[in-house]
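Biologist: Thanks for sitting down with me over this one. Could you take me through the aromatic contacts and a pocket, step by step?

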Amino acid sequence: MKKLLFTCFLALLVSTILAQGSCLTTEQTLLEMERDATFAGGMEAFQVLSEAFEHGTLDDASREGFKEVTIPVVVHVLYRLEENNISYDQILSQIEVLNRDFNWQQSDKDLIPEVWRDLGAAAKIKFKLADRDPDGNFTNGVTRTQTDVENIGTEELYYLAHRGGVAPWTQPFYMNIWVCELKGNSLGFAILPGSTMSKRDGVVISPRAFGTMGTAKPPYNLGRTMVHEAGHYFGLRHVWGSDNEKCGSTDYIDDTPKQKAENYGCKTFPSISCNNGPNGDMFMNFMDYSNDVCALLFTKRQVEFMQLVLKTNRRAMFYSNGVTSVADPNLNEWKIYPNPSTGVVHLEFGDTLPGKMELFNVMGEMVGQWIPANNIERWDLSSLPKGVYYLRSLGHHQSLILR
Ligand SMILES: [Zn+2]
């Protein structure tokens, strides 16, 4: 009887371990550093940035001047089995969760232990499926490709079109998400944002942990795995630090307690490790491994760090043309890009549209005028001769070079 009980216990233990999903961010980022010396150099610089942040020397820089950003997202549905060719609605369900959880709008905040509830903060990072692709064409922000490579996420071929994967869209300007098979219990990973970008930059995630419907399976069917991976994408580490240093390792975030290792399932508060009593591990942080129902917050310092990364290693996101329907609220006047241009330019306005815009050549002759109707407008000036022009609206003017 004893033996049978023990066998049952073992079987239970094994099935529990097998059911626990894990994130490969640390391993995959290290692997990429071994393979790509340029990326490794960029990660060293990122390490310096992280340490400076942890020591508080960047506090003013990280708190200043960040209003909001909208991240253009492209989802590459890369499926071997037809059932993993997930629906557009499933993709939208994930985008909705990202927008909710990154902006402190989750309705389950009351599950956060009271001692930490005030630490929760809105990152002011918004996500939108791209509506313009890198060639300037209209898109719904989703690509669909069938592959015959098994576990293409863990085979590291997901980003290579000639090896059965899908090539990323211009990585500085789009958050690339590959939804594809991963080996074993792996749920996903993101390559950390070094100051030089990896060729593999983006998020890889299993269809069983993406969105809140369809292929998403409990306990990972509330979209929080993607919130966790997006946290990595904006530079956050696991709350327990790196995997091999135990209590000596840091996540560079000083309002998350030190903790020994990852927490699975749904722990009961307090759960003590590394002498971190009385409150113990912050197992309900998005950067731990708790089940979706128990993953609940980013802290203020995590939010500040993500915003710092957006202002440094991911700053190109502010200048992406991947989403046309959202104007940049950081903008006080207007901006024009590209400049110099070969003919087609985009004009982007802040909250207020100027009444009229006029374009002059170097002789001071007006060569065109427009009344902008949208926050972002695309103008084709390719019929004008090459040269320097001046664009003017009330109170603001800027030169434009056509070449
Ligand atoms: Zn992770």
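Predicted model: local features only at pLDDT ≥ 70, side-chain atom pairs only at ≥ 80, totals over all residues.

Biologist: Nice. Which residues of the lining lie nearest the centre of the second largest pocket?

Modeller: The space in this pocket comes to about 240 Å³. Its lining divides into five nonpolar, six polar and four charged residues. Of the 15 lining residues, those nearest the centre are D133, P134, G136, Y174 and N321.

Biologist: On to the rings, then. How many aromatic pairs are there in the whole structure, and how are the rings of F102 and F127 arranged?

Modeller: Searching the whole structure gives 17 aromatic pairs. In the pair of F102 and F127, the ring centres are 5.0 Å apart and the planes stand at 70 degrees. Planes over 60 degrees apart count as edge-to-face, so that is the class of this pair: edge-to-face.

Biologist: And how many residues apart in sequence are the parts that this pair ties together?

Modeller: F102 belongs to the loop between α5 (88–101) and α6 (114–117), while F127 belongs to strand β3 (residues 125–129). Both residues are buried. The pair therefore ties together parts whose separation in sequence is 25 residues.

Biologist: Which charged residue has its end over the ring of Y233?

Modeller: Y233 belongs to a cluster that ring pairs build from F102, F127, Y233, F234, F286 and F298. Over the ring of Y233, 3.5 Å from its centre, sits the charged end of R314.

Biologist: Last one: how far apart in space are G65 and Q307, C-alpha to C-alpha?

Modeller: G65 is in the loop between α4 (59–63) and β2 (69–79), and its 71% relative accessibility makes it exposed. In sequence, G65 and Q307 are 242 residues apart. In space, their C-alpha to C-alpha distance is 9.8 Å.

Notes
Residues numbered from 1 in each chain as written. Heavy atoms only, no water. Phe/Tyr/Trp six-rings, centres within 6.5 Å; stacked < 30°, edge-to-face > 60°. Helix = DSSP H or I, 4+ residues; strand = E, 2+ residues; numbered from the N terminus. Buried < 20%, exposed > 50% of the residue type's maximum accessible area, 1.4 Å probe, protein only. Lys NZ or Arg CZ within 6 Å of the ring centre and 35° of its normal. 1 Å grid on protein atoms, 1.4 Å probe; cavity = no way out; pocket = protein on both sides within 12 Å on 5 of 7 lines; lining within 4 Å. Points joined across faces, edges and corners; volume = space filled by probe spheres on them. Nonpolar A, V, L, I, M, F, W, Y, C, P; charged D, E, K, R; others polar.
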